[in-house]
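This note is for a colleague who is meeting the structure for the first time. Please keep the sequence and the coordinates at hand while reading.

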Amino acid sequence: MQVHENNILEVSHLHVAAQDQMILKDVSFKVKRGTTLAIVGPNGAGKTVLFRALLNLVPYTGEIKWAENIRIGYVPQKLSVTDVPITVNEFLSFKNPVNVKKCLGMVGLDESVLHKALEVLSGGQLQRVLIAWAVIDEPNVLLFDEPTTGVDLDSEEAIYEMLNTLEKEHGITVLLISHDIHVIRDYSEHMLALKNGVICFAESEEITKPSVLHAIYGTGTALKRRKDRK
Amino acid sequence: MEVSVFSVVIGVFVGLSAGYLGSLMVLKRMALVGDALSHVALPGLALGILFNFNPFIGAFLFLFGSALVVWHIERVTRLSVETIVGAMFTLALAVGILIIPQPDLLEALFGDITKVTLTDAIVAVAVGLFAVLLTKMIYNKMILGMISEELASSSGINVARTNLVYLLLVSLVVAIGIKIAGSLLVGFLVIVPAATAKNVSSSLFRYALLSSVFGVISSVSGVLLSAYLELPSGPLVVLSGIALFLAAVLAKWFSSRRGQ
C-alpha cells in the first residue's frame with residue numbers, strides 16, 4: 001500500500017520495545033508534504049526511539065510507510081567531536097564532496113569554516129554544519145533531534161529561521177524533536193505529543209493550552225520559563 | 001652487526017600499517033585493547049615453535065580469535081571491554097610464557113631482527129599493504145561511527161561489521177609486527193605513533209599521514225639501532241617512538257606558548 005499523495009509519511013500502530021520494556025505503544029500519525037511536525041514529550045517518552053524506528057535502526061512492529069523515492073537527512077542529538085581531529089570540509093566530504101560549498105551557503109555559513117576542526121566550532125556553528133550534513137544530498141525530509149541543544153538563544157532563533165526557510169523554499173518536510181513551546185508554536189504546523197503512547201496529535205497551537213502541557217509534562221513549569229520570551 | 005635489508009623492509013611496512021591502523025585505535029579510545037591484544041600472540045607463537053609450524057600462523061590465529069571475542073564483547077555486554085580484555089589477555093600472556101621454550105622466550109617477547117628471511121619480508125609487505133588499503137576503504141566509515149553511531153547507521157553504514165573488519169586487520173598487522181617489536185611491545189606501534197600525531201594534527205588527513213610516518217620512523221629507527229647496538233629491536237622501537245612523542249608534546253607546548 002502506498003501513502004496518500006498529500007502525505008510523505010504514514011505511521012500506524014507502531015510498537016517499539018527494548019529490554020522487555022515497551023517504549024512506544026500503538027503510535028499512529030501522518031505527515032503532510034512540506035510541513036513541519038514537532039515531536040514533544042518528557043525525557044524517556046520515546047521521541048528519539050521514534051526517529052530511530054523511522055530510520056529503520058531499531059526493530060519495531062506496526063507499519064511505517066514513506067512516500068516513494070524519499071531521501072532523508074538526519075541530525076542526531078549527540079555527537080562526539082571533541083576527540084576526532086577532523087575539519088568541516090573533511091566531514092561534509094564524507095557524504096558528498098561535490099555539494100560542500102553549496103550546502104554551506106544554504107545554512108548561512110561562509111567558506112572560512114571549511115578548514116576549521118569540528119571541535120573548535122561554537123555550538124551554533126556546529127549545529128549549522130550538522131544541518132549542512134543533513135541537506136547536502138538534497139533530501140525531501142529532515143529529521144532533527146533537538147537541533148538547538150547547547151546553543152545560545154540568538155543562534156537558536158537563527159537556526160529555526162533557517163529550518164523554516166528550508167521548508168518554505170525547498171519544500172522540505174521537517175520532523176523535529178523539541179522541548180520549546182515557542183519553537184513548537186511558531187515553527188511547526190502540527191505536534192505529536194508522546195508519553196508511552198500518543199497523548200495528542202494536533203495543531204501546534206494546542207501546545208500553549210495548560211491542560212495539554214499538564215498532560216505531557218505533569219506541571220509544564222519547565223517550559224513556561226521560555227514560553228513568552230520572544 | 002650488519003643491517004639486513006629485509007629487516008628494514010619489514011620495519012617500513014610494519015610501521016606504516018601499525019601507524020595507520022593505530023590512528024583509528026587511538027580515536028576509538030581502545031589503546032589498551034590494542035596493547036593487550038598483542039599479548040595474545042604469545043601462546044600462538046609458542047604452539048608454532050612447539051609443534052614445528054610457522055609461529056606467525058599460530059600468532060595470527062590466536063589474534064584472529066581474540067579479535068572476534070573483543071568484537072562480540074563490545075556488542076553484547078554492558079561491561080567495560082577493557083576490563084574483560086585486560087584480564088583475558090594477561091591470562092594469554094601468562095600461559096604463553098609458561099609453554100614457550102625458554103631459548104625462544106626473549107625473541108618472542110621483545111623481537112629479533114637477526115633471523116628475518118626473504119619470506120618474512122614478502123609477508124610483511126603483502127600483509128602491510130593489504131591492511132592499509134582495506135583500512136583506507138573503511139576509514140571514513142569508522143570515523144563517522146565514532147562521531148555518531150546513529151549518523152553512521154542512518155547513512156547505511158553497518159558499524160558493527162566495519163568494527164569487526166578493522167579488528168581483524170589489526171590482528172594481521174600485530175602478527176607481522178611481532179618479528180620486529182615482539183609480542184610484549186608490538187602494541188606500542190599501534191598506539192604511540194598515532195598518539196604522537198594527534199598532538200600535532202588538526203585535520204584527519206594530516207593525522208592519518210603523520211601516524212603512518214611516525215610509525216615508519218619509530219620502527220625503522222628501532223631496527224637500525226638494534227643492528228648497531230646489538231640489542232633486541234622491540235625496546236629500541238619503543239624508545240625511538242617515545243622520543244618522537246616527547247618531541248611532539250614539546251612542539252605543541254612551545255606553539256601554544258607562542259600563541260598566548
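1. Basis of the note. The model is predicted, and local features need pLDDT of at least 70, side-chain atom pairs count only at pLDDT 80 or more, while totals for chains, interfaces and linings use all residues. Residues are numbered from 1 along each chain as its sequence is written, and chains are lettered from A and ligands numbered from 1 in the order in which they are written.

2. The three-stranded sheet of chain A. An open sheet of 3 strands has the order E2-E1-E4 in chain A, with antiparallel pairing. Strands (E, at least two residues) and helices (H or I, at least four) are DSSP runs numbered from the N terminus, and two strands pair if DSSP finds at least two bridges between them. E2 (21-32) and E4 (61-66) of chain A are the edge strands, each with a single partner, so one side of each has no neighbour in the sheet. From one strand to the next the twist averages 15 degrees.

3. Pairing and packing on that sheet. Strand E1 (residues 7-18) of chain A is joined to E2(A) by 8 bridges; Leu9(A) has Val31(A) in E2(A) as its bridge partner. Helix H1 (residues 47-54) of chain A packs on this sheet and touches E1, E2 and E4 of chain A, its direction making about 65 degrees with that of E2(A). Such angles run from 0 to 180 degrees between N-to-C directions, and axes are lines fitted to C-alpha atoms, for helices over the stretch in contact.

4. The six-stranded sheet of chain A. Here 6 strands form an open sheet in the order E5-E6-E7-E3-E8-E9 of chain A, with mixed pairing. Its edges are E5 (72-75) and E9 (197-203) of chain A, each pairing on one side only. Strand E8 (residues 190-195) of chain A runs antiparallel to E9(A), with 6 bridges between them, and Ala193(A) stands opposite Cys200(A). H1(A) packs on this sheet too, touching E3 (36-40), E6 (141-145), E7 (173-177) and E8 of chain A.

5. Contact between the chains. In chain A, 17 residues are in contact with 19 residues of chain B, contact meaning that C-beta atoms, placed from the backbone, lie within 7 Å. Helix H2 (residues 88-95) of chain A gives the most to the chain A side, with 3 residues.

6. Helices H7 and H9 of chain B. The axes of H7 (residues 118-147) and H9 (residues 159-199) of chain B come within 9 Å and cross at roughly 155 degrees. H7(B) is therefore roughly antiparallel to H9(B), a term for angles over 145 degrees, whereas those under 35 count as roughly parallel.

7. Helices H1 and H7 of chain B. H1 (residues 5-27) of chain B packs against H7(B) at about 15 degrees, with the axes 9 Å apart, which means that H1(B) is roughly parallel to H7(B). Among the residues that meet are Phe6(B) and Leu27(B) of H1(B), and Leu118(B) and Met146(B) of H7(B).

8. A loop residue. Is Pro101(B) buried or exposed? Pro101(B) lies in the loop between H5 (81-99) and H6 (102-110) of chain B. Pro101(B) is exposed, because 10 other C-beta atoms lie within 10 Å (exposed means 12 or fewer, buried 20 or more). Pro101(B) and Leu50(B) are 51 residues apart in sequence, yet 7.5 Å apart in space, C-alpha to C-alpha.

How values were computed. Parallel < 35°, antiparallel > 145°, perpendicular 65-115°, else oblique. Contact = placed C-beta atoms within 7 Å.
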